[in-house]
Amino acid sequence: MTATTGSELADLLAGPVVAAARGLLGCTVSANGVSVRLTEVEAYAGTAGDPASHAHRGRTPRNAVMFGPPGHAYVYFTYGVHWCMNVVTGPEGEASAVLLRAGEVIGGLDIARARRVAVRRDVDLARGPARLCTVLGLGRSAYGLFLLGDGPVRVAPPAVPVPAAVVAAGPRVGVTGAHDVPWRFWIAGDPTVSTYRRHVPRRRS
DNA sequence: GCGACGATTTCG
DNA sequence: GAAATCGTCGCT
């Protein structure tokens, strides 16, 4: 299930979200002078009975783009601090999407480091969904952009396909429920994959 | 209109 | 372990 052309990638994203997620591993995301090879992603099934999805309770202004056609960016702001990015998948109305959790910087390394000055090791530059958006310079302005064309943010098929044998799966990170659903996918052994953290609810003082 | 909380990161 | 920090969404 690896796309080798843009057309195949478009078809993959139009299909079931789990296959789309696995197919996005190894793909290159390029924006604002930096390119990242995806090493970790998570699938969210939208309105199809996935309580962890931002679209689970139906359409709202924030998640509206997820209800549209596949191949567009769903970017959201969280914790008052961070931006994270998804690729919308599946048919219109389903609202499924794949969260881009981590990657390896393969282009524009100097720019990426300038955006995360405190980072010492290159493998930590995009090791986490908000970190990935930071090195790519993504924020509100990326919301809804089409990712498979000639726009400012692009997703392209892998230069070297990722063998199915090296793809690992497990529970999604930080989600409140659905801990039994193994919809987090990563490239086994890759040092740029983020560490697993269980969701911990915050308490008010 | 109000308030609890979040698909996180960083520091102590 | 806990703070930072604010947009979003359901409703106490």
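Arginine 184 is buried in this predicted model. Its relative accessibility is 5%, so it falls under the 20% limit for buried residues. Arginine 184 forms a salt bridge with glutamate 40 and also places its charged end over the ring of tryptophan 186. The structure holds 9 salt bridges and 3 aromatic pairs.

**The contacts of arginine 184**

- The closest N and O atoms of arginine 184 and glutamate 40 are 2.6 Å apart.
- This pair links distant parts of the chain, with arginine 184 in strand S8 (residues 184-187) and glutamate 40 in strand S2. The two residues are 144 residues apart.
- Glutamate 40 has a relative accessibility of 0%, so it counts as buried.
- The charged end of arginine 184 lies 4.6 Å from the ring centre of tryptophan 186.

**Glutamate 40 and arginine 101**

- Glutamate 40 also meets arginine 101 in a salt bridge, at 3.0 Å from N to O.
- This pair, too, links distant parts of the chain: glutamate 40 sits in strand S2 (residues 34-44) and arginine 101 in strand S5 (residues 96-107). They are 61 residues apart.
- Both glutamate 40 and arginine 101 are buried.

- Side chains of opposite charge can pair when their charged atoms come close.
- Arginine 121 and aspartate 124 form a salt bridge, with their closest N and O atoms 2.9 Å apart.
- Arginine 121 is partly exposed, because its relative accessibility of 47% lies between the limits of 20% and 50%.
- Aspartate 124 has a relative accessible area of 14%, so it is buried.

**The salt-bridge network**

- Salt bridges with shared partners join Glu40, Glu42, Arg101 and Arg184 into one network.

**Aromatic rings**

- The count of aromatic pairs comes to 3.
- Phenylalanine 77 and tryptophan 83 have ring centres 4.9 Å apart.
- Phenylalanine 77 is partly exposed, at 40% relative accessibility.
- Tryptophan 83 is also partly exposed, with a relative accessible area of 22%.
- Tyr74, Tyr76 and Tyr143 form one aromatic cluster.
- Arginine 140 lies over the face of tyrosine 143, at 5.2 Å from the ring centre.

How values were computed:
Residues numbered from 1 in each chain as written. Chains lettered and ligands numbered in written order. Predicted model: local features only at pLDDT ≥ 70, side-chain atom pairs only at ≥ 80, totals over all residues. Heavy atoms only, no water. Phe/Tyr/Trp six-rings, centres within 6.5 Å; stacked < 30°, edge-to-face > 60°. Buried < 20%, exposed > 50% of the residue type's maximum accessible area, 1.4 Å probe, protein only. Lys NZ or Arg CZ within 6 Å of the ring centre and 35° of its normal. Salt bridge = Lys/Arg side-chain N within 4 Å of Asp/Glu carboxyl O. Helix = DSSP H or I, 4+ residues; strand = E, 2+ residues; numbered from the N terminus.
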